[in-house]
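Student: I am new to this structure. Please take me closely through one single part, and then show me what surrounds that part.

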Amino acid sequence: MEGLSVSRPTLEDVYLRTAVSVALYTDFASIVLWGPELIQIYNDRYRVLMGDKHPRGLGQGNRECWPEAWHINEHIYPRIFNGETISGFEICCCSFEIFDW
């Protein structure tokens, strides 16, 4: 077909495809937050956690979907974007500090 251009997938495309495949085919509730907008891609088990926010939350930015929880999570994302690994334990401890538990 003349004029058809197919580009090679970028490394970022491969990372996204891999992350989404892992999330979709696991038996655990899983979500992928992609890019600076933290676009949500989740599996059927995570859909239950979304409650009334599904299906609108699929493909929506995390901050837009969860404004009521943004103050808990917002400090984590810049650290992750800078390459830091954040443990689930650390996230829980930070949440306890925010709520003074």
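Tutor: Start at the hairpin: E1 and E2 form it, with four residues between them. Gly35 sits in the turn and has a positive phi of about 75 degrees. This is a predicted model, where local features need pLDDT of at least 70, side-chain atom pairs count only at pLDDT 80 or more, and totals for chains, interfaces and linings use all residues. Residues are numbered from 1 along each chain as its sequence is written, and side-chain values use heavy atoms, with hydrogens and water left out.

Now the strands. E1 covers residues 31-34 and E2 covers residues 39-42. They run antiparallel, joined by four bridges. Two strands pair if DSSP finds at least two bridges between them. Strands (E, at least two residues) and helices (H or I, at least four) are DSSP runs, numbered from the N terminus. Across the pair, Trp34 stands opposite Ile39 in E2.

Go back to the loop between E1 and E2, where Leu38 lies. Leu38 is not a glycine, yet its phi is positive, near 55 degrees. Leu38 counts as buried because its relative accessibility is 5%. Buried means under 20% relative accessible area, with exposed over 50% and partly exposed in between (1.4 Å probe, protein chains only).

Gln60 touches Leu38, Ile39, Gln40 and Cys65, not counting residues up to four places away in sequence. A contact means heavy atoms within 4.5 Å. Gln60 is found in the loop between helix H2 (44-50) and helix H3 (62-65). Gln60 has 8% relative accessibility, so it counts as buried. Pro55 lies in the loop between H2 and H3 too. The peptide bond from His54 to Pro55 is cis, with omega near 10 degrees.

Next, the largest pocket. Its lining includes Ile31 and Leu33, together with Tyr46, Asn62 and Trp66, among others. The lining divides into six nonpolar residues, two polar and no charged. Here Ala, Val, Leu, Ile, Met, Phe, Trp, Tyr, Cys and Pro count as nonpolar, Asp, Glu, Lys and Arg as charged, and the others, Gly among them, as polar. A pocket is an open set of points on a 1 Å grid over the protein atoms alone, where a 1.4 Å probe fits, with protein on both sides within 12 Å along at least five of seven lines; lining residues have an atom within 4 Å of a point.

Last, the whole chain. It has six helices and two strands. Along the sequence the pattern is α-β-β-α-α-α-α-α. Of its 101 residues, 25% count as buried.
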